Amino acid sequence: MANKRQFLSIRQKIYLPFKRFFDILLSLLTIIVFSPLYIILAILVKCSSKGPVFFKQERIGKYKKHFKILKFRTMRIDTPKDVPTHLLENPEIYITGIGRFLRKTSLDEIPQAFNIFAGQMSIVGPRPALYNQDDLVAERDKYHANDVVPGLSGWAQCNGRDTLPIPEKAKLDGEYVKRFNIWFDIRIIFKTFFQAFRGKDEVEGMNRH
């Protein structure tokens, strides 16, 4: 384990337990405070189309260990499996009515508070790749971006999101690993909130630019 953390500075190693403490605290508060919203959104998702309330998908975690990410389901159950939405030719035909709103506001992501509480994710970190995104995982290996806990949002998410080519996305994830500290995390959190409600840099489908 020590060898895997050699890329971190002493200050970053000191910050890690505090980062985990804040992850536990904030994710627990989110689950408790927003529990009425969880219930309302769950009912809307269930009533909008056939299928489960939650969508589970295999993602790459710290040290490339797999875990199941949790989201509110925003697409029909006949959507092609394990294909990033921005790679679908016509994703609009699969997205549900409530799903469009949830994706636009990023409210579909809030169930990941449970992933954060469990330690599979952090509030801030490289966005977890799909288990079959070998090209992205390989690029992240160059920057130790697979050796940290993935996040609900990250530096790459704030600087292009779906519009970024894989090498640039991995490079930004590596920049986060190199620079991360409490102030950088706070900056990313505020920038994420601002962009989420603007729907900035969200691409739905291969034909969207």
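Predicted model: local features only at pLDDT ≥ 70, side-chain atom pairs only at ≥ 80, totals over all residues.
Residues are numbered from 1 along each chain as its sequence is written. Local features require pLDDT of at least 70 and side-chain atom pairs pLDDT 80 or more, whereas totals for chains, interfaces and linings use all residues; side-chain values rest on heavy atoms, without hydrogens and water.

**View 1. The tilted pair of Tyr15 and Phe180.** The structure holds eight aromatic pairs (Phe, Tyr or Trp rings, the latter by its six-membered ring, with centres within 6.5 Å; stacked for planes under 30 degrees apart, edge-to-face over 60, tilted for the rest). In this one, the ring centres of Tyr15 and Phe180 are 5.9 Å apart and the planes stand at 45°, so the pair is tilted. Tyr15 belongs to helix H1 (residues 10–33), and Phe180 to the loop between helix H6 (166–179) and helix H7 (182–196), 165 residues apart (helices are DSSP runs of H or I with at least four residues, strands runs of E with at least two, numbered from the N terminus). Tyr15 is buried at 12% relative accessible area, as is Phe180 at 4% (buried, under 20%; exposed, over 50%; partly exposed, in between; 1.4 Å probe, protein chains only).

**View 2. The stacked pair of Phe54 and Phe72.** Their centres lie 5.3 Å apart with planes at 20°, so the rings are stacked. Because Phe54 is in strand E1 (residues 54–60) and Phe72 in strand E2 (residues 66–72), the pair ties together parts 18 residues apart in sequence. Phe54 is partly exposed at 34%, while Phe72 is buried at 1%.

View 3. Ring pairs join Tyr15, Trp155, Tyr176, Phe180 and Phe184 into a cluster. The charged end of Arg179 sits over the ring of Trp155, 5.6 Å from its centre, and Arg179 also lies over the face of Phe184, 4.1 Å from the ring centre (criterion: NZ of Lys or CZ of Arg within 6 Å of the ring centre and within 35 degrees of the ring normal).
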